[in-house]
Amino acid sequence: MIRTWTFFIIISLFPIFIFSQQQSNRLISKKDSLLPGMSTSIPFTLENNSAENRTYDISVSTSSPHILPILAKGEFQIAPHETSAYLVPLRIATETGQGTYTVTLNITDRNNGISFTKISKVTVSGNRNLSLTALNSPEFVRAGETIKANFLIKNNGNIPEKLILESKNAVIDQDSEIFLSPGEIKQISISRKTDPELGKNEFQNLNLSVYSSDHTKEMETAYLSVKVISIKPSEDDIYHRLPISASLSFIGMRNRGDYNDGFQGEIYGKGSLDKDNKGQIEFHAVTKNPVEYSSFTQYEEYFVNYKRDHFLIHLGDKTYSSSFLTEYSRYGRGAELRFDINKISIGGFYNHPRFFRDIKDEFNVYSKFKIKKESEITAGYLYKIPRKEENVFAISRLDSNAHLPYLTGKFQVSKNLNLLGEVSYSKTDKTEGTAYMIQAQANFERLNGNVMYMRSSPEFAGYFTNTSTFNGGLQYRVSKRLNITANFVQDAKNFERDTLLLAAPYRKFLQYGIQYSYTSKGTVMLYSGYQKYQDRLEPKQFDYDERFYRLGINQKIGIFQINLEGQLGKTDNYLTGFSGTSRLYTANVGFEKFKTFFNLYGSYAVTSRYQLKNERQIYYGANIISHFSQKTSLSFTYQNNYMPEYYFKDRNLLELLFHQQLFPGHEFDVSGRYTLQRGDLANKDFIFSLRYTLRLNVPVQRVAEYTTLSGNISNLGVKKISEVKLMLGNHLTITDKDGNFIFKNITPGDYYLEMDRSTTEINDIPTVALPASISLINKVNVFNFGLTTAAKIQGHIQFTESREKDQPTPIQKRKKESIIIETISGDQTYRKICYIGEDFDFTYLRPGEWTVKIYRNGLDKRYKISTNQFQFTLKPEEIKKLNINIVKQQTEIKYQQETLKVGYNEIKKQK
């Protein structure tokens, strides 16, 4: 009896052992690359090793409500000793998250009622997909108001995202970091404050960018534009104006113990005399300086120049120059004229030097021929007349009138190489001389260089006499970080400089070394070289040669810019006859904070350059520049002393400058300085100045006539059209009883016409979009429109769900779906996000043709919008009712006519 029951149990459980076998590798589908939103089939291998036909009832379940079996129930027949595949079709919803899920096949044998299961795992891959859309924004705002705009961000992927929000020109009205689950939508608001002082109407752009914190380079950006209407418009002027500034200064100076003061006036103007900017004029007049001239005060000067098309004329003071060799720089009072005719220029000048006693007058004529854009040849002639009556008191190089013809050329040999040169000849009653100059400039990808050599003979009567000079520079870029540089400078010794200022020391300088950028904010420099400084003044303060090594570091740390430099050299002092070492250490720190720039400087030196051997020198100073506002600024400068090499010029020891704009066009400046005057090493002088400046825009040409804008507001069914306030820029008007209006004496230009809605009924709406852009070009302009009653659209979004046969009811509640409804008429567009099952409306709509479009906004693919577009005509005061139906689409399953059988044969191993 026991044996019989044992045999019966084994026979009953035999199918379970059969179906629990491991499925064949040949039937395993690719289940590790499934994407959300797709449909697929999962195969299960079924094997019947019994001698009977088997029929099974099969049901399918999954571990996620987002993975739905398309065919949840079915039956399956399998013949004896046969292996088949049972395919389970699945739909993977778009909101299915990344991960591994299980599909369970529940099998029940109809013959004996025995049930068992088979389980298969599927992997849903990650899918990143963000969308950013501009949702809505005002068509216009008035200056001073805040622009508010909304954007829509949706996570269309199946991975939770931590997102960073950025805007370059607006403020994000919420946290800049948000978290979006798969399928989640968030509305982002940004705002931007407009300038109430905006002078002209303009469009302002707003943008919003979003990117994942884990993928910073994958950025989505959306843009929109909003009109900003000026409430204080600066009207276009009907006159073309010339800017002119006039100032009056009171200057006081203690000069070597003597005090002087007085007033000095100045007027300056520069601009065009016509609206086409063809006639350019510049003039300057400065009255006599009440104190001794220095670099910190202005010298008496008068000039005016005018340029139009191919013509130039200058009358008065300026620095005149004929050529590098003949007269490089000579300040004086005279006149200059030039004509440009195609490629040829003809000109000349007369000059009466003001600060050079040897020359009484000089005349110059020249002709220039332009070969091509960067190449030209100039031939000229300079005639100098000496001051004969004063030659007895001066050592003059001119014994009589001098004639100096010259020829200059500039040639672009190639795009990387330019050559410049000049030759000149001079002749007086007793002497003749020559001079020449050549210069080359090269610019290549890695190599840049320039070299210049000049030589003049002992009897040459030009700007240089009996001298030669050589200057050159070379830079080679070894790599992005490493540069090799070399520079050589040799000053000319004998030149005819103006006597207003003192001559700089004679210098011979050679430096070569490397520059290495070790970071984007740091550079180290190492140089070696030779320098010679010789004082040109008597008695000499220095005369030395020096061979040196210099190390410098420039580094930016946060807001601080730091410059450190150290120099070690061996000095031969020809003034005192001894030799020694020279060491210099300098530090410079600059930073900007609170609208103020700070710069601190310090230097310590032990040198053998001057009167004493191993002489110690300490220099320090500070510079502070603060801009309290656009109208107010303050500058403070202090330095305890200067190196003797700079005593040829005026030097600032202590300076305080204050500037204040009292109101537009009126400015006030106060300055005070302690200085060392040129040629002085110890005596300090004081200069102060009070200055008032008036800035004017003087009309010089009438460019337009005033215009008028008139029109009528027609009554299209409203209570009244009288006393309606209209605004055009900063002009106001009110309609009469018939709706007529007029704006007079308006400057031509582009404007926006606005209507004050507080002067109409609450539902009155114009037949045109206001503000309306209007260009006032003609002398008389007309603009008509009507006033009617606004309409509205109301509706409801209805959801209809019809379940598929055998479709299990989801355990999880269906998420709240939304759509975007867009209403369009002409250039008017309104959008709203509306949720299924709720009401919506659009109010204050202009009667006319309207189109309503419905967008899915990521709506589940199973849901269908019955009608996605409506077109109709709205009448005044009409309330249009709309019903939008969302239905769940039925899934269509097609069965193939024949059963799909998958089998295989085992090949027995031969003995």
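## Two cis prolines

Proline 771 sits in the loop that connects strand S48 (764-766) to strand S49 (772-776), and the peptide bond that joins leucine 770 to proline 771 is cis, with omega of about 0°. The model is a predicted one, and what follows should be read with that in mind.

Another cis peptide bond joins glutamate 538 and proline 539, here with omega of about -5°. Proline 539 is likewise placed in a loop, the one between strand S33 (522-534) and strand S34 (543-557). As background, most peptide bonds are trans.

## Positive phi in two loops

Aspartate 309 has a positive phi of about 50° although it is not a glycine, and its place is the loop between strand S20 (301-308) and S21. With a relative accessible area of 48%, aspartate 309 is partly exposed.

Asparagine 614, again a residue other than glycine, has a positive phi near 55°. The loop that holds asparagine 614 runs between strand S37 (596-607) and strand S38 (615-627), and the residue is partly exposed at a relative accessible area of 43%. In general, most residues other than glycine have a negative phi.

## Nonpolar cores and an open sheet

The largest nonpolar core has 24 residues, and those with the most contacts inside it are Phe151, Ile153, Leu165, Ile190 and Leu208. Two or more residues come from each of several strands, namely S8 (130-136), S10 (146-155), S11 (161-166), S13 (177-180), S14 (185-193), S15 (202-212) and S16 (215-229). Isoleucine 190, when its neighbours within four places in sequence are left aside, is in contact with a set of residues that includes Ile147, Phe151, Ala170, Ile172, Leu206 and Leu208. A second, separate core holds 23 residues, among them Ile836, Leu859, Phe872 and Ile884.

Some of these strands also belong to an open sheet of 4 strands, which has the order S8-S10-S14-S12 and antiparallel pairing. The edge strands, each pairing on one side only, are S8 and strand S12 (171-172). S12 and S14 run antiparallel and are joined by 2 bridges, and valine 171 has serine 191 in S14 as its bridge partner.

A nonpolar surface patch of about 890 Å² is made by Ile344, Ile346, Phe369, Ile371, Ile377, Leu407, Phe411, Val413, Leu419, Val423 and Tyr436. The elements that contribute two or more residues are strands S23 (344-353), S24 (359-372), S26 (402-414) and S27 (417-427), and S26 gives the most, with 3 residues.

Leucine 419, one of the patch residues, lies in strand S27. Patch residues must have over 30% relative accessible area, and leucine 419, partly exposed, has a value of 33%.

## Salt bridges

The count of salt bridges comes to 31. Arginine 333 forms one of them with aspartate 317, the closest N and O atoms being 2.6 Å apart; arginine 333 belongs to strand S22 (residues 330-341) and aspartate 317 to strand S21 (residues 311-320), 16 residues apart. How accessible is aspartate 317, buried or exposed? At 0% relative accessibility aspartate 317 counts as buried, whereas arginine 333 is partly exposed at 34%.

The side chains of arginine 673 and glutamate 655 meet in a salt bridge with an N to O distance of 2.7 Å. Since arginine 673 is in strand S41 (residues 666-676) and glutamate 655 in strand S40 (residues 651-663), the pair ties together parts that are 18 residues apart in sequence. Arginine 673 is buried, with a relative accessible area of 12%, and glutamate 655 is buried as well, at 10%. Arginine 831 and glutamate 822 form a further salt bridge, in which the closest N and O atoms are 2.9 Å apart; arginine 831 is partly exposed at 35%, while glutamate 822 is buried at 5%. Elsewhere, Glu327, Arg330, Lys384 and Asp498 are linked in a network of salt bridges.

Definitions and conventions. Residues numbered from 1 in each chain as written. Predicted model: local features only at pLDDT ≥ 70, side-chain atom pairs only at ≥ 80, totals over all residues. Heavy atoms only, no water. Patch = residues over 30% accessible without salt bridge, like charges linked within 9 Å, V, L, I, M, F, W, Y side chains within 5 Å. Areas by Shrake-Rupley, 256 points an atom, 1.4 Å probe, with all protein chains shown as cover. Salt bridge = Lys/Arg side-chain N within 4 Å of Asp/Glu carboxyl O. Buried < 20%, exposed > 50% of the residue type's maximum accessible area, 1.4 Å probe, protein only. Core = buried A, V, L, I, M, F, W, Y, C linked by side-chain atoms within 4.5 Å. Contact = heavy atoms within 4.5 Å. Pairing = 2+ DSSP bridges.
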